[in-house]
Amino acid sequence: MSSTTRTSNTRTSETAETSGAAETSETSPGHVLRIDGRRLLSAETIAAVGAFCDRVEDLAGHGNATVHVSGVPEGSWARELTVPLVNKWERALRRLERLPAATIAVADGDCGGAALDALLTTDYRIATRSARLVVSVEDGATWPGMALYRLARYGASAAAIRRAVLFGTPVGAADALALQLVDELADDPVAAATAAEVRAGALSGAELAIRRQLLLDAPTTTFEEALGAHLAACDRALRRAAVVGAQA
């Protein structure tokens, strides 16, 4: 991506801090993205996520990325959306989901809309005990975005997920933990996120991204189709080990 494009994205993200649902900030050695589910989905929100991904990718596989999510849409939030805008949002989320870095989420209070979407793309999810995952309802039906797809991958047969997808019934923190929608409940989410960042910091983001993709592909890939990708990953690991051994 050109420096001109990067500069444009960064300026757009600065606008998003005041008018959109997302804002970004720099930390060391990673970055922080904050998504407010109360705000309407907009081009500024998408640009802020894109700028965040730019900065994480610039770390070249080092450091991590933290996403703070909270809030649910208010009022008739979907009536101004368009399919092209939703498509761009889903593509931005897919990029977030594939970052060459460990992504750690902190969820607080009710999380729906863009907040729930982003939460479900991350690698490690921390929730406060007051957190609830909410599939938003518009005009008498739940929103049929890709959050439903990601929820279904965790267990479409689970009663709590079925109620959330069909009826918009919130999934409380304890149920979210039991269903493995979140990894940890924390009274001090900041401390929990810091501990998770330390654990993740020992891993190469690029290598983590490869293993994440193998994990995501496994449920829908046959053994024969998966073998080549896994052998390529093993070959990469052996080459890296050989380089480290030669340098020792």
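Residues are grouped here by class, with Ala, Val, Leu, Ile, Met, Phe, Trp, Tyr, Cys and Pro counted as nonpolar, Asp, Glu, Lys and Arg as charged, and the others, Gly among them, as polar. The model is a predicted one, in which local features need pLDDT of at least 70 and side-chain atom pairs count only at pLDDT 80 or more, while totals for chains, interfaces and linings use all residues. Residues are numbered from 1 along each chain as its sequence is written, and side-chain values use heavy atoms, with hydrogens and water left out.

Grid points are joined across faces, edges and corners, and a volume is the space filled by probe spheres set on the points. Helices (H or I, at least four residues) and strands (E, at least two) are DSSP runs, numbered from the N terminus.

By this rule, two cavities of 30 Å³ or more were counted. The second largest cavity has a volume of about 40 Å³, and its lining consists of Leu116, Leu133, Val134, Val135, Leu151, Ile161, Ala164 and Val171. Strand S6 (132-134) and helix H6 (159-167) are the elements that give two or more residues to this lining, which by class comprises eight nonpolar residues, no polar and no charged. The largest cavity holds about 240 Å³ of space and is lined by 21 residues, of which Trp77, Gly113, Ala114, Asp117 and Trp143 lie nearest its centre. Two or more residues of the lining of the largest cavity are given by each of H3, helix H4 (114-119) and H5. The lining of the largest cavity divides into 14 nonpolar, four polar and three charged residues.

Turning to the pockets, the largest contains about 690 Å³ of space, and of its 24 lining residues Glu97, Arg125, Tyr154, Leu215 and Leu216 lie nearest the centre. Helix H3 (83-97), helix H5 (146-153) and helix H9 (205-217) each give two or more residues to the lining of the largest pocket, and the largest share, seven residues, comes from H9. Charged residues number eleven in the lining of the largest pocket, beside eight nonpolar and five polar ones. In the second largest pocket, about 160 Å³ of space is present, lined by Ala102, Ile104, Asp123, Tyr124, Ala196, Arg199, Ala200, Leu203 and Leu208. Strand S4 (102-112) and helix H8 (189-201) are the elements that give two or more residues to the lining of the second largest pocket, with H8 giving the most, three residues. By class, the lining of the second largest pocket has seven nonpolar, no polar and two charged residues.

On the surface, Phe223, Leu227 and Leu231 form a nonpolar patch with about 320 Å² of accessible area together. Patches are made of residues with over 30% relative accessible area and no salt bridge, like charges being joined within 9 Å and nonpolar side chains (Val, Leu, Ile, Met, Phe, Trp, Tyr) within 5 Å; a salt bridge is a side-chain nitrogen of Lys or Arg within 4 Å of a carboxyl oxygen of Asp or Glu. Accessible areas come from the Shrake-Rupley method with a 1.4 Å probe, and for residues only the protein chains shown count as cover. Individual residues are termed buried under 20% relative accessible area, exposed over 50%, and partly exposed in between (1.4 Å probe, protein chains only). Leu227, placed in helix H10 (residues 223-247), counts as partly exposed because its relative accessibility is 37%.

Phe167 belongs to helix H6 and counts as exposed, at 59% relative accessibility; Phe167 and Val137 are 30 residues apart in sequence and 8.2 Å apart in space, C-alpha to C-alpha. Ser204, in the loop between H8 and H9, is partly exposed at 29% relative accessibility, and a C-alpha separation of 8.2 Å relates Ser204 to Pro100, 104 residues apart along the chain. Asp139, although not a glycine, has a positive phi of about 55°; Asp139 is placed in the loop between strand S7 (137-138) and strand S8 (141-142) and is exposed, with a relative accessible area of 60%. Gln180, a residue other than glycine, has a positive phi near 65°, lies in the loop between helix H7 (173-178) and strand S10 (184-185), and counts as exposed at 60% relative accessibility.

Notes:
1 Å grid on protein atoms, 1.4 Å probe; cavity = no way out; pocket = protein on both sides within 12 Å on 5 of 7 lines; lining within 4 Å.
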